[in-house]
Amino acid sequence: MMMQGIRKASQGLLGKLVISVLFGVLILAFAIWGVGDIFRGYGRNEVAKVGKTEISIEQMRAAYQNDLQNLIRQQRRQISPEMARALGLDRQVLSRLLTEATLDQTAKGMRLAVSDETIRNLIFDDPVFRDAAGQFSSARFNELLRSNGYTEQTYVALQRSTILRQQLSEMLVGGLTAPLALQELGSRLRNEKRAVTFARMPASAAGEIAAPTEDQLKTFFNDRKAAFRAPEYRTADILAISAATIADPSKVTDDEVKARYEAVKAQRFTTAETRTIQQIAFPNVEEAQAAKAKIDGGETFDEIATERNVAFNDLTLGTFTRDQVFDPAVREAAFALDQEGVSAPVTSAFGTVLLRVTKVDTAHVRPLEEVAAELKQEIATSRAAGQITELHDKIEDQRASAKPLAEIAREFNLKLRNAGPMNATLARPDGSQEEALPGGDPTLQAIFRSDIGVDNEAIRLPRDTGYVWFDVTKIDPARERSFDEVKAEVEKQWRADETATRLAAKARELAERLDKGETFDVVAASAGLTIETAADIGRQDQRPELPATVVSQIFGTVVGKSGSAAGTDGQRILFKVDSATVPPYVRTTQEAGNFERLLSSSVSEDILLQYVAKRQTELGVSINEAAFRNATSGAQN
């Protein structure tokens, strides 16, 4: 890529920081979205303006398309405009352009400059512009510029701007190191370990909860109406094609199946013979021959092992196929024996040994009849893969003529699925779950972004395996449900809340007793709880017995004190922090050096983000949303 040409400007830590900031996601750092008073006075071709610098539609469109194509190459699949917007790519590009414009104006105002000689050296030293002999090639330079849409003037201007932004950033945060106190605090947060004594308080520990009255339930419902709202439900027709769905195994002949079987039988349907091999090692051939003579005379292999002080667990080499035994002598001898047979002395790579085979699992080949259906489906699917593009184009032609999906499905003998009503998590109104949609989350999200009557783009399945089309056929808007509709759900939630409240109160009483000096044994016994312990708990740990919510509370509690937190399945965890250990922060270790660089980079980035945001406030930022949508809509190039 041509952007590799700015590599020289970003080789150091600071340079990488600058490039990261310029090309990263800065949306949250700039208060520029949804602010009503900045939308004013635009030129027709202006997407945004920072101070006196305008960002044109063409500039925005070119940057957006470049980033979109990069994303497509990275993902190795097509990215639709809807998917790109859902990923926030359009806003990321605009943020970057605004940031660049802000830094450019600031550098200009400070009279920063880059000499022509610096630019020349930067270009001449860039290996991407060198020929096979390692020398700068003007022909290659011009060729790469043309192929990436640059002129010499625009490329030089790009390099000059990049270096100026780096110079400005060096003035702000160059050489900045995170303070030692911050490093030590960060080390403590990362490496502190705690030990606790704890007990699980089940829901039953809350005691008997009387049935609620109607008035109690209605009050509970009225205070939480939003929690009981019916979400928006949508119904959609879905047509999906993939090699698997359009494959027709009935068109595969028996001869084709047989040929495929013979081609893959050895690799897929044959289980190689395996043998469990034992050995006893001897210092020389003579002792091995004497031992073999004893075995031939009636002694057992195990008795010989005992005489030579070989433990039973040390006898077995393992279970192997022929190819897995790397020593040729051992391989040939072991696979020539019958089960329980003992070999003559074998000169292996590690000395003289006697071998015994304790188990033989013979080779097994799955017959053709057993795998014929599987192979038919494979062959049909492989053929169908080549038909996907042609079928896609035919369906798109039908869609262009405004035919509904149901009619298209009948014409091509495809299965049409009616999905829904379902909410944005695939839950149905009756509480059941809609079966996963073809294409997964992207399909579901697209359905909820669309509307009735909209001609939606086809969604490409991962790894180019097919396509999904959909039509939204019905939308049931979100609404408030009446008390009678959700009475059972209200009572269930009321009881859960009441149980949690009582458990929290009881846990608070027990924690107070612990903090007053009673032992955990006594307190737990009085409440009928079982004591457990846990050690070496890290701040970010999650354990089955101590979920993240509990660990967070443990690290928020002073050593020697007690507390409680909600666990899983309606439980509450009562705990006492027994100890906390923090390894000393030794700055000379590699780990400490890496952490210092990471923390310093983070601090520098925060400062740079704050500076850019402040400069944007001073310069003034305006965005023309209509022009922005114009620049980021349309087909991919």
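**Exercise 1. How do helix H4 and helix H22 pack in this predicted model?**

Let's start with the geometry. Two packed helices are described by the angle between their axes and the distance between those axes. H4 covers residues 89-109 and H22 covers residues 590-619. Their axes sit 10 Å apart, at an angle of about 75°. Angles of 65 to 115 degrees count as roughly perpendicular, so that is the label for H4 and H22.

Next, look at who touches whom. H4 brings Leu 98, Thr 99, Thr 102, Leu 103, Gln 105 and Thr 106, while H22 brings Tyr 611, Val 612, Arg 615, Gln 616 and Leu 619.

**Exercise 2. Is Ser 564 buried or exposed, and which side chain does its own side chain meet in a polar contact?**

First, find Ser 564 in strand S15, residues 562-566. Its relative accessible area is 12%. Buried means under 20%, so Ser 564 is buried. Now for the partner: the side chain of Ser 564 makes a polar contact with that of Arg 572, at 2.9 Å. Leaving aside neighbours within four places in sequence, Ser 564 also has contacts that include Ala 507, Gln 553 and Phe 575.

Key: Residues are numbered from 1 along each chain as its sequence is written. This is a predicted model: local features need pLDDT of at least 70, side-chain atom pairs count only at pLDDT 80 or more; totals for chains, interfaces and linings use all residues. Side-chain values use heavy atoms; hydrogens and water are left out. Axes are lines fitted to C-alpha atoms, for helices over the stretch in contact, and angles run from 0 to 180 degrees between N-to-C directions. Helices (H or I, at least four residues) and strands (E, at least two) are DSSP runs, numbered from the N terminus. Angles under 35 degrees count as roughly parallel, over 145 as roughly antiparallel, 65 to 115 as roughly perpendicular and the rest as oblique. Contact means heavy atoms within 4.5 Å. Buried means under 20% relative accessible area, exposed over 50%, partly exposed in between (1.4 Å probe, protein chains only). A polar contact is a pair of N or O atoms within 3.5 Å; within protein, one must be able to donate a hydrogen and the other to accept it, and residues adjacent in sequence count only if both atoms are side-chain atoms.
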